[in-house]
Amino acid sequence: RFVLAVGSAVFDAMFNGGMATTSTEIELPDVEPAAFLALLKFLYSDEVQIGPETVMTTLYTAKKYAVPALEAHCVEFLKKNLRADNAFMLLTQARLFDEPQLASLCLENIDKNTSDAINAEGFTDIDLDTLVAVLERDTLGIREVRLFNAVVRWSEAECQRQQLQVIPENKRKVLGKALSLIRFPLMTIEEFAAGPAQSGILTDREVVSLFLHFTVNPKPRVEFIDRPRCCLRGKECSISRFQQVESRWGYSGTSDRIRFSVNKRIFVVGFGLYGSIHGPTDYQVNIQV
């Protein structure tokens with residue numbers, strides 16, 4: 001009891017507080033045996049024994065019994081094992097256990113690997129508040145029509161969880177405020193016509209309003225956000241083939257190229273070509289990246 005009381009404020013109150021128990025047996029509800037064993041090993045020997053199957057239950061136990069050092073080890077383990085295919089699952093748990101740093105890392109991973117993350121099995125298992133938190137972001141790296149298709153999959157799973165018939169009316173119902181966060185104006189008119197317009201989730205008035213937004217100028221106001229999602233962050237670097245050009249540059253018919261290497265993921269956002277000094281000219285260019 002002494003070791004438990006020293007290592008945990010909850011056990012200290014349980015054994016030494018004003019309402020301390022005198023029983024020789026103490027029932028600990030809602031705690032998995034493997035997680036409690038990991039807690040005991042840590043308190044008695046500072047040994048950290050967690051794995052993919054036990055880390056979430058151990059984190060829950062560490063929080064419940066106020067053992068912040070073990071809690072920190074669990075969070076660090078989750079950070080090291082964060083991937084696109086488990087980012088949504090870990091984000092849900094991070095929000096549940098009030099771990100803002102882990103939640104932030106999950107969101108950054110989702111930003112960088114949005115397509116892989118929304119195609120993972122865990123995406124359709126998240127709660128509505130987590131879905132809303134993701135859809136509010138301006139930094140998702142995915143086309144809006146693909147994001148809409150993923151949200152529809154989530155709504156179908158949510159209908160089944162709520163034992164509702166999977167029909168457009170119920171999909172709209174379970175989506176709630178999440179539907180207003182889909183940025184339909186960012187789609188092309190072809191994408192909108194082939195998908196959202198025929199989904200039955202939008203009202204006739206919303207469909208007409210969006211078609212007018214796509215086809216007329218000035219564009220009428222719509223109820224959906226039209227702010228672009230900027231998935232490109234960080235410093236922008238320009239690479240030139242020549243540091244400077246003293247005079248005219250001649251072309252001999254060989255391939256021109258710029259070669260560079262990187263040690264992290266980058267986005268190529270554009271390139272420039274220089275033409276004749278004698279004015280507009282037609283060129284045939286073959287570009288390979």
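# Questions about a predicted helical model

Modeller: The accessible surface of the protein chain in this predicted model comes to about 18900 Å², and 51% of that surface belongs to carbon and sulfur atoms.

Colleague: How many helices and how many strands are there in the protein chain?

Modeller: Read along the sequence, the chain follows the pattern α-α-α-α-α-α-α-α-α-α-α-α-α-α. The count that goes with this pattern is 14 helices and 0 strands.

Colleague: Which element of the protein chain has the highest mean pLDDT?

Modeller: For the chain as a whole, the mean pLDDT is 84, and 88% of the residues reach 70 or more. Where pLDDT is low, the predicted coordinates should not be read in detail. Among the elements, the lowest mean, 69, belongs to helix 1 (residues 2–7), while the highest, 97, belongs to helix 11 (residues 168–175).

Colleague: What percentage of the contacts between residues at least 6 apart in sequence join residues at least 24 apart?

Modeller: Buried residues make up 35% of the 289 residues in the protein chain. Among the contacts in the chain between residues at least 6 apart in sequence, the share that joins residues at least 24 apart is 62%.

Colleague: Is Ser115 buried or exposed?

Modeller: Ser115 is found in helix 8, which covers residues 114–119, and, not counting residues up to four places away in sequence, Ser115 touches Ile142 and Arg146. With Arg146 there is also a polar contact between the two side chains, at 2.7 Å. The relative accessibility of Ser115 is 19%, and buried means under 20%, so Ser115 counts as buried.

Colleague: How many residues apart in sequence are the parts that Arg137 and Asp111 tie together?

Modeller: The side chains of Arg137 and Asp111 meet in a salt bridge, at 2.6 Å from N to O. Arg137 lies in the loop between helix 9 (128–135) and helix 10 (144–161), whereas Asp111 lies in helix 7 (residues 100–112), so the parts tied together are 26 residues apart. Arg137 and Asp111 are both buried, and the separation asked for is 26 residues.

Colleague: What is the relative accessible area of Arg227, which meets Asp138 in a salt bridge?

Modeller: The side chains of Arg227 and Asp138 meet at 3.1 Å, N to O. This pair links distant parts of the chain, with Arg227 in the segment after helix 14 (204–215) and Asp138 in the loop between helix 9 and helix 10, 89 residues apart. Asp138 counts as partly exposed at 29% relative accessibility; Arg227 is also partly exposed, and its relative accessible area is 40%.

Colleague: Where in the chain is Glu144, the partner of Arg229 in a salt bridge?

Modeller: The salt bridge between the side chains of Arg229 and Glu144 has an N to O distance of 2.8 Å. Arg229 is buried, and so is Glu144. Arg229 lies in the segment after helix 14, 85 residues apart from Glu144, which is in helix 10.

Colleague: How many salt bridges does a search of the whole structure find?

Modeller: Lys63, Glu71 and Glu99 are linked in a network of salt bridges. For the whole structure, the number of salt bridges found by the search is 13.

Terms used. Residues numbered from 1 in each chain as written. Predicted model: local features only at pLDDT ≥ 70, side-chain atom pairs only at ≥ 80, totals over all residues. Heavy atoms only, no water. Helix = DSSP H or I, 4+ residues; strand = E, 2+ residues; numbered from the N terminus. Buried < 20%, exposed > 50% of the residue type's maximum accessible area, 1.4 Å probe, protein only. Polar contact = N/O pair within 3.5 Å; in protein donor to acceptor, adjacent residues only side chain to side chain. Contact = heavy atoms within 4.5 Å. pLDDT = per-residue confidence, 0-100. Salt bridge = Lys/Arg side-chain N within 4 Å of Asp/Glu carboxyl O. Areas by Shrake-Rupley, 256 points an atom, 1.4 Å probe, with all protein chains shown as cover.
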